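Good morning, and thank you for coming. Please look at the structure on the screen while I go through it part by part.

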Amino acid sequence: MDTSSLTILISGMAGIVIFFLIKFYKNSFTIKHPKLSYNERLFLEADLDLTLNKDNLSDRYVRADAREKKKDYKGAIEDISIILQHDKGNLGLVFKRGLDKFKISDFKGAIEDFSEVLKNNPTDKYSFYYKGIANLKLSNFRNAINDLTSAITMGISEKELYFHRGLAEMEVDKYLEAIDDFNLYLAEHPNAFEALFYRGIAYNKNGNPEFALKDFNKAIGLNPNHEKTYFERAFAKKNLNDLVGYSNDLKTSYNKGYLYAYHLLKET
């Protein structure tokens, strides 16, 4: 083989090697974008301008789920409401819409949906649960207590329920009942700052300032910058005749930003 032929052969082999190296590189390092189905694109994009098939509600179901995944709860509510025009008896969707309304703080609308579920299924414990919290948010405290009690009776095990009921009970001066509920919550969450704070207030209101003081001390240990805890602890100390401690806690509360404490400081 002459030199010219050998050069051509080597060049050809080199070209083949380079071709396969480039292909290997692309396959190894290029991000692959698999072809998505229509439903998959709907889930990933939840495009608000998509033209949906008006005669087939399956697109609405898919887009409602997609919007929820993107936390576009208003969009999900819109789609679910249209589906319910054609499928009025679908209690699962009514509950789902109520939960989406709950998530955007439309508590009145959420209560309407949960009430609709309970009208047809009076043993739906989670409708009572979320309806109770929605009533608490709207300051319908007695309704909240009734709803949350129903949820407990029906077997909801989440201890957060007792915390929420305790908050509602405090608002109607049921301090002993609130203490019992906070006890149940704190048995599972012993370092829950808010529960300690509110149980401390309930103890003090119920005439047990020594127990209140323990709760406030622990709460301050968990969150030393919460100005209202010092303010509430001041009253527990006052009820224990510790007037120096009362004054010092008011000062600390004011210095940490609770301006209302200033009015009481002027009187000490």
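Helices here are DSSP runs of H or I with at least four residues, strands are runs of E with at least two, and both are numbered from the N terminus.

Before going further, a word on the source. This is a predicted model, in which local features need pLDDT of at least 70 and side-chain atom pairs count only at pLDDT 80 or more, while totals for chains, interfaces and linings use all residues. Residues are numbered from 1 along each chain as its sequence is written, and side-chain values use heavy atoms, with hydrogens and water left out.

The protein chain contains 15 helices and zero strands. Of its 268 residues, 40% count as buried; buried means under 20% relative accessible area, exposed means over 50%, and partly exposed lies in between, with a 1.4 Å probe and protein chains only. Among contacts with a separation of 6 or more, 39% join residues 24 or more positions apart, where contact means heavy atoms within 4.5 Å.

Let us return to α13, residues 227-239. Its 13 residues should span 18 Å at 1.5 Å a residue, and its end C-alpha atoms are 19 Å apart, which agrees. The expected span is 1.5 Å times one less than the number of residues. Which residues of α13 are buried? They are Thr229, Tyr230, Phe231, Glu232, Arg233, Ala234, Ala236 and Lys237. Their cover includes α11, α12, α14 and α15.

Two further residues have a positive phi. Lysine 71, which is not a glycine, has a phi of about 65° and sits in the loop between α3 and α4. With 61% relative accessibility, lysine 71 counts as exposed. Aspartate 173, also a residue other than glycine, has a phi near 65° and lies in the loop between α9 and α10. Aspartate 173 is exposed, at a relative accessible area of 54%.

Next, a pair of helices. Two packed helices are described by the angle between their axes and the distance between the axes. Helix α6 (residues 107-120) packs against helix α7 (residues 125-137) at about 150°, with axes 9 Å apart. The axes are lines fitted to C-alpha atoms over the stretch in contact, and angles run from 0 to 180 degrees between N-to-C directions. The two helices are therefore roughly antiparallel, a term for angles over 145 degrees. On the α6 side, the contact is made by Phe107, Ile111, Phe114, Ser115, Val117 and Leu118. On the α7 side, the residues are Ser127, Phe128, Tyr130, Lys131, Ala134, Asn135 and Lys137.

Where is aspartate 147 found? Aspartate 147 belongs to helix α8, residues 141-153, and is buried, with a relative accessible area of 5%. Leaving aside residues up to four places away in sequence, aspartate 147 touches Phe128, Lys131, Gly132 and Asn135. Aspartate 147 and lysine 131 are 16 residues apart in sequence and 6.7 Å apart in space, C-alpha to C-alpha.

Finally, lysine 159 lies in the loop between α8 and α9 and is partly exposed, at 23% relative accessible area. Not counting residues up to four places away in sequence, lysine 159 touches Leu184, Tyr185 and Glu188. Thank you for your attention.

Methods:
Angles under 35 degrees count as roughly parallel, over 145 as roughly antiparallel, 65 to 115 as roughly perpendicular and the rest as oblique.
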